[in-house]
Amino acid sequence: MNLYIKGLGCISPQNTFGDVTFMENAVIPEGEYFTCVEPSYREYIDPKISRRMSRIIKMGIASAKMALADGGIAEPGAIITGTGLGCVADTGQFLDDIISSNEGMCSPTAFIQSTHNTISSQIAINLTCHSYNSTYVQRAHSFESALLDAALRISDGCMENALVGGVDELTPRLADIAKTMGLSRSLRDSNAAKGFVPGEGSVFALVSSDASGKNYAKIRALRFAANVSGHDAVRALCDEALREAHLNADAVDCVIDGNSSSDEGEFDSIIKSGFPGAARVSFTQYCGEYFTASAFGLWLGARIVSRGSLPSHSNQGGRAVTNTLIYNRAGDSYHSFIILSHD
Amino acid sequence: MKQRIYITGIGIISAAGNNVAEVLSSLVNRRSGIDSIRFLKTELSAKYPAGEVKLSNAELAAMLNLPAESHSRTFLLGLAAAREALGGKPTANSARTGLISATTVGGMDLTEEYFAALHNASHAARAADIRVLFSHDCGAATEKIARTLGLHGMISTVSTACSSSANAMQYAASLIRNGYADRMLAGGSDALSRFTINGFSTLKILDEAQCNPFDDNRGGLNLGEGAAYLLLESEESASAHPEDILSELSGCGNACDAFHQTAMSDNGEGPYLSMKYALADAGISIDDVDYINLHGTGTDNNDVSEGRAIERLGAKTIPPYSTTKSYTGHTLGAAGAIEAVISILSIRERMIFPNLNFTTRMKELSCDPVREVVRNVDLTHVMSNSFGFGGNNSSLILSKASAPKNKSAETTR
């Protein structure tokens, strides 16, 4: 795979946009879960329009426009979004309206904005962009599906570039549901043995087949499967990614990982046995756990590869990095591997 | 030249019938499946008719040999159609067979029951029942259908409102062309829910009678539910069993209207572009299209926009067109696949199925939809349109299949 990351836009629980030094100080949220640091939206969306938009749509549009501005492209060849749960605030609002009014008078706004494709569509409307437009909603592989679609369409020659994003929002109700389900633990509860800390984020990347000019990184491989379990099968998937990238495992300088599975040991052993010499950075420690957290992983990986070293506050801060592997594991069967290189 | 994508299996369940044979019979006999709401528990059941699948969840589960635990209806409908599309073919190379599904509501039918019950339930009851929310997200049913059918290839789910399953087919074709799979089951499933019927009700675009799309006096759409899947195969894979080839997916187009979240532009820019791109992808012109299966929901806005977009394509003679929404209702995320299956039935049966309830030509348009069943008509290329909220517009070209280039094909012909 030869795909170049030309622009990035990231709204996350960290200070990841505007004039800030890359990951200088990691933000540890004070609440129960990670919540995004949001920009002033006036710069990106007409306030008359943004007034009725939920957070996820505003974050989506703003991060998409950051990526386009960063990549110096006005109109992308495609807009493809991955979102695990879509517009949950609007969905919850409309559900509440239906129940509390006993299916009486409900406002259409929440319904209109509840559909999963609202993010991609509103970006297109904001840009008046008639290009290919799609939305993927496959749990922890929503972003990976979107990225693969972009990569295939670009390699098929349908377009030169694409805006690809992973966007999910967290609401107090959703955090509460995750807790009641026994999936999550509070950020403050450091003694809890199990469970992830819920998070959210909106990351867009402008990817292109054009190697010339500024690039953060080259995406050399993308492999994912939603029905893989056991060390050997996961390792085989990882090997496919290495083959696609034409890299040996020992060329990987850094593994950026996110894990929400119950089997910490197996996850660990894939990385430790496969990449014993590589530095290791968890991306979910910065963004929390959500279905499209791997998009934040891609952002982190691309920034690390682009500057050539790990964030200064990490335990191997300053270590040189040329090739990085992003390993996202969600639940026990969703695994994805993305390999980035300094081009 | 791009690789051919063959369709070797179809499955469907909708208000117009529980399988391909029943749906075909409804279409041939101009029998609509739109009727009073029987299964969905909603306050709006007396007000709006809908295209419900005529089986309860318990009946569906029994038909599918599933235990009677609570399943999302989206999963049950999806499994029924997916199973029919596979047609009992062995999935021995199941690692090379995947599933790209599409839905707009996913497991909303169970979610809304859970939240309604929550209003009166104690916290303990809530914790006990909360696992039902694992089926809420759109990807849940896809995962469960693939697992039940033993498909071990790639899975994903598309959600682009009413064009979802047409986009699922595009993605599946792209995966096959790029060697990620030999065969992909692609389509979509959506169950009726209180969420959607109340949503469309607030938008005031639901017809209180059976819909009459592309009619000057049309009164809106009828919601429907259902599922359809198509088995897409590479040329090499299909050539091993050419007798199963039904059609070729020869062109796909996707464009965004980029105009408004729920309304379509007056001149139909998005629909115009999606049709134009699909024609270009198939390497044909609008004059090569023998029939258009319209999106044709019956709303004021859609039908004007779609009709104008078709006229803008500049055909010497506008191809015959009709919409089958008055048989099935608007099945949202499933509509693209349901209508792709119907388009293939048109090609196979050499028939065009007419609009129902049409009387008066729209003042904005220069021709009428097909009004009677047309028989013995040779259809080489059929265009099927699916347009969604957010201006997500997609068009597919389904064509009479030419023989796959392979020794085994040559010997059979």
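Predicted model: local features only at pLDDT ≥ 70, side-chain atom pairs only at ≥ 80, totals over all residues.
What percentage of the 413 residues in chain B is made up of buried residues? The answer is 61%.

**Chain B as a whole**

The C-alpha trace spans about 65 × 55 × 40 Å along its principal axes. The radius of gyration of chain B is 20 Å, which agrees with the value near 22 Å that a compact globule of 413 residues would have. Of the contacts in chain B with a separation of 6 or more, 79% join residues 24 or more positions apart.

**The nonpolar core**

Next, select B:Met169, B:Ala172, B:Leu230, B:Leu232 and B:Val341. These are the residues with the most contacts inside the largest nonpolar core, which has 232 residues. In soluble globular proteins, nonpolar side chains tend to be buried together. Centre the view on B:Ala172: setting aside residues up to four places away in sequence, it touches B:Ile100, B:Met184, B:Ala186 and B:Leu232.

**Two domains in chain A**

Now move to chain A and colour residues 3-208 as domain 1 and residues 219-341 as domain 2. The C-alpha centres of these two domains of chain A lie 22 Å apart. Where they meet, 43 residues of domain 1 are in contact with 30 residues of domain 2. On the domain 1 side, strand E1 (3-11), helix H6 (142-155), strand E4 (161-168) and strand E5 (201-208) of chain A each supply at least two residues. H6(A) gives the most to this side, with six residues. The residues of this side of domain 1 divide into 24 nonpolar, 13 polar and six charged.

**An enclosed strand**

Select residues 132-136 of chain A, which form strand E3. Five of its five residues are buried, so the strand is largely enclosed by the rest of the structure. A:Tyr132, A:Ser134 and A:Tyr136 point one way from E3(A), while A:Asn133 and A:Thr135 point the other way.

Finally, select A:Phe224, in strand E6 (residues 217-225) of chain A. A:Phe224 is buried because 25 other C-beta atoms lie within 10 Å. Beyond its neighbours within four places in sequence, A:Phe224 is in contact with A:His141, A:Glu144, A:His335 and A:Ser336. A distance of 9.1 Å separates the C-alpha atoms of A:Phe224 and A:Asn328, which are 104 residues apart along the chain.

Key:
Residues numbered from 1 in each chain as written. Chains lettered and ligands numbered in written order. Helix = DSSP H or I, 4+ residues; strand = E, 2+ residues; numbered from the N terminus. Buried ≥ 20, exposed ≤ 12 C-beta atoms within 10 Å, placed from the backbone. Contact = placed C-beta atoms within 7 Å. Rg over C-alpha atoms; globule rule 2.2 N^0.38 Å. Core = buried A, V, L, I, M, F, W, Y, C linked by C-beta atoms within 7 Å. Domains from an automatic or database assignment. Nonpolar A, V, L, I, M, F, W, Y, C, P; charged D, E, K, R; others polar.
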